[in-house]
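Let's take a walk through this fold, from the whole chain down to its core. Have the model open while you read.

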Amino acid sequence: MPIRLDWGMAACIYCCAPSESGDHVPPKGLIRPVRRVNLWRVPSCHGCNGGASRDEEYFRLMIIGALCHTPEADELFDGAISRSMDKCPAKESALFDSFDVDPQGRPVLAWDPKPIARIAVKIATGLAHAMGEAPPPQRYRIALEEAEGRGDHTRWAPDFSFTHSACTWELWFFDSVRIMIGPADLQQHPPADS
Ligand SMILES: [Zn+2]
C-alpha cells in the first residue's frame with residue numbers, strides 16, 4: 001500500500017529548516033525590555049534562534065556599550081550588559097581591549113565586523129519577513145556610523161527604529177548608531193540632516 005506523507009509547517013526564515021521557535025526581531029537583549037505586544041516574532045529553527053547569542057552579546061557590547069551614549073543606552077549597559085560582563089570577565093576585556101589609538105593619537109574602536117554584520121543582516125531579514133518585504137540581498141554592503149536622531153524612521157520600539165527602501169535597510173539603535181545594509185554597490189549614504 002503506498003504511503004502518503006503530506007503536511008505543512010513554517011520554515012525557518014533564515015535557513016529554511018522546519019521552524020521550531022519564534023525569534024524576536026530585533027533580539028530582546030539589544031533593547032530595554034518592551035511590552036510584549038510590541039515584539040515581533042518570526043519562525044526560526046533552534047539553531048538560528050539560539051545559535052546567534054554569542055554574536056548578539058558581541059553586538060550589544062560593541063554597539064550599545066561602546067557607541068550609544070544616551071541615558072537609555074546607559075540604562076541597558078548598567079543593567080543587563082554589566083551583569084553579563086560580571087559573570088564573564090572575558091567580555092569586559094573584549095570591550096576594553098578593543099579601544100586603540102590611531103597614528104594621530106585619537107581613540108578608535110577596533111572590532112571584528114563579522115558578528116556585527118551577521119546580527120545586522122539577521123535583524124533586517126526578520127524585519128523583511130515581518131513586513132512582507134524582500135530580504136537583504138545575497139551580496140550586501142554594510143556601513144555603520146554614529147548618528148544623532150532617527151529622522152522620520154519607523155519607530156519600532158523606544159530604543160530601535162528602522163526604515164527600508166528597495167533592498168536597502170537602515171537600523172537605528174538608541175538614536176545614536178545607524179547601520180545601513182544594501183546591495184554590494186551601496187554608495188556611502190549622505191550625512192543625516194542636522
Ligand atoms: Zn534556521
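This is a predicted model: local features need pLDDT of at least 70, side-chain atom pairs count only at pLDDT 80 or more; totals for chains, interfaces and linings use all residues.

## Ground rules and overall shape

Call a residue buried if 20 or more other C-beta atoms (placed from the backbone) lie within 10 Å of its own, exposed if 12 or fewer do, and partly exposed in between. Numbering starts from 1 along each chain as its sequence is written.

There are five helices and nine strands in the chain. Both are DSSP runs numbered from the N terminus: helices are H or I with at least four residues, strands are E with at least two. Reading from the N terminus, you go β-β-α-α-α-α-β-β-α-β-β-β-β-β. The radius of gyration is 18 Å, close to the 16 Å from the globule rule for 194 residues, so the chain is as compact as a globular protein of that length. (That radius is taken over C-alpha atoms, and the rule is 2.2 Å times the number of residues to the power 0.38.) Along the principal axes, the C-alpha atoms fill a box of roughly 80 × 40 × 35 Å.

## The sheet and its helix

Five strands make an open, antiparallel sheet, ordered S5-S9-S8-S7-S6; two strands pair if DSSP finds at least two bridges between them. At the edges sit S5 (140-146) and S6 (154-157), each pairing on one side only. Strand to strand, the twist averages 20 degrees.

S5 and S9 (residues 177-183) run antiparallel and are joined by seven bridges. Within that pair, Arg141 stands opposite Gly182 in S9. Helix H5 (residues 113-131) packs on the sheet, touching S5, S7 (160-165), S8 (168-173) and S9, and its direction makes about 110 degrees with that of S8. Axes here are lines fitted to C-alpha atoms, for helices over the stretch in contact, with angles from 0 to 180 degrees between N-to-C directions.

## The core

Which residues have the most contacts inside the largest nonpolar core? They are Ile64, Leu171 and Phe173, in a core of 39 residues. Such a core is a set of buried Ala, Val, Leu, Ile, Met, Phe, Trp, Tyr and Cys residues joined through C-beta atoms within 7 Å. H2 (53-67), H3 (71-87), H5, S5, S7, S8 and S9 each give two or more residues to this core, and H2 gives the most, with six.

Ile64 touches Leu30, Ala73, Leu76, Phe77, Ile81, Phe173 and Phe174, not counting residues up to four places away in sequence. Contact means that the C-beta atoms, placed from the backbone, lie within 7 Å.

Definitions and conventions: Two residues are in contact if their C-beta atoms, placed from the backbone, lie within 7 Å.
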